[in-house]
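Trainee: I am new to reading protein structures. Could you walk me through one, feature by feature?

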Amino acid sequence: MASVVELKDVSKIIKGRKIIDRLSFNVEEGEVFGFLGPNGAGKTTTIRMIVGLISMSDGDIFICGNSVKKDFEKAVQHVGAIVENPEMYKFLSGYDNLVHYGRMIKGVSKAKIAEVVELVGLTDRINDKVKTYSLGMRQRLGLAQSLLHDPKVLILDEPTNGLDPAGIREIRDHLRMLARDRGMAVIVSSHLLSEMEMMCDRIGIIQQGKLVDVQLVKDFVSNAEKLYELELDRLDDAINLITEHLPGINLTKSDSCLEVPVKKEQVPELVKLLASHDISIFGIREISKTLEDRFLEVTNEKGEL
Ligand SMILES: Nc1ncnc2c1ncn2[C@@H]1O[C@H](COP(=O)(O)OP(=O)(O)OP(=O)(O)O)[C@@H](O)[C@H]1O
């Protein structure tokens, strides 16, 4: 897979303060990359640098191989973005908004407008005035607008902000489809962790302007320690035994169960250990961890939130 967006040691200093600190990562074609971090971590600042709304203090960003610093026009022609709220004329129809916007871009045909409208699922409502649209429909119209010039990369800052669950799902499905079927590279930022888990292939976690982790979502969740609930007899003996073999482990006791945080590959060892001391195991249940749990683990490991 080819890298569509490459950040190389990008830094941003505002009023003497380092807001972004040597950020480097790549986003490939056909993937949805989630840029995740707590408030004030530097997500919007980074996105604004990628789309050229603000300059970099150091480093460079390449889009389809073109340097944003040296070849700005060539680099940004490949970018479709919704960074601030998309500008829409509420008293015009969705269609007329797209025609109006399309006039600013060379070579946008009626067929192209129809194609993007279909792509974002607005065909039935495109002739209605924008003021009658739900927030989710406005977001999708913004998406249609950003797709008019066939970008290779789509960048959306907090695309699900303010949407209800149905709206979130619509946007999520459309972004996944654009990556999968059209091979687009999609970058989204969010602090909605459960959303990112469902929407993204890969996530980069940013904290205090630094990238603290980049991983495939599936690895991010599966590499984690999981929580297993063990239904046992002789709970106190089991606690002593496990603590002796795994010093520092944080066990939780409840009724006839013990919650044990271990990696999956440690489970057979745990079972053998208990069985060899004649502790009966009546059941083992995995209490799966979400990306949210993992996110909090990673960010807490690397410093305060
Ligand atoms: N023009 C500016 N002048 C001074 N400080 C700024 C400016 N722009 C951003 N910052 C600071 O840079 C840091 C990162 O801000 P940024 O908006 O990029 O974070 P974010 O991760 O997008 O946060 P949020 O999720 O709250 O939108 C914050 O501490 C912010 O106050």
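This is a predicted model: local features need pLDDT of at least 70, side-chain atom pairs count only at pLDDT 80 or more; totals for chains, interfaces and linings use all residues.

Trainee: Which residue of strand 5 is the bridge partner of Phe62?

Mentor: That is Ser67. Now step back to the sheet: it is open, has four strands in the order 2-1-4-5, and its pairing is antiparallel. Strand 2 (17–28) and strand 5 (66–67) are the edge strands, as each pairs on one side only.

Trainee: How do I read a strand such as strand 9 (residues 202–207): is it mostly covered or open?

Mentor: Look at burial, where a residue is buried if 20 or more other C-beta atoms lie within 10 Å of its own. In strand 9, five of the six residues are buried.

Trainee: And in which sense does strand 9 pair with strand 3 and with strand 10?

Mentor: With strand 3 (residues 32–36) the sense is parallel, over four bridges, and Phe33 stands opposite Arg202. With strand 10 (residues 210–216) it is antiparallel, over six bridges, and Ile205 has Asp213 as its bridge partner. Two residues lie between the strands in this hairpin, where Gln208 takes a positive phi near 45 degrees.

Trainee: What about the ligand: which helix gives the most to the shell around the ligand?

Mentor: Helix 1 (residues 43–50), with three residues. The residues around the ligand include Lys43, Thr44, Thr45 and His191. By class, the shell has three nonpolar, seven polar and two charged residues.

Methods: Residues are numbered from 1 along each chain as its sequence is written. Two strands pair if DSSP finds at least two bridges between them. A residue is near a molecule or strand if its C-beta atom, placed from the backbone, lies within 6 Å of it. Ala, Val, Leu, Ile, Met, Phe, Trp, Tyr, Cys and Pro count as nonpolar, Asp, Glu, Lys and Arg as charged, and the others, Gly among them, as polar. A residue is buried if 20 or more other C-beta atoms lie within 10 Å of its own, exposed if 12 or fewer, and partly exposed in between; C-beta atoms are placed from the backbone.
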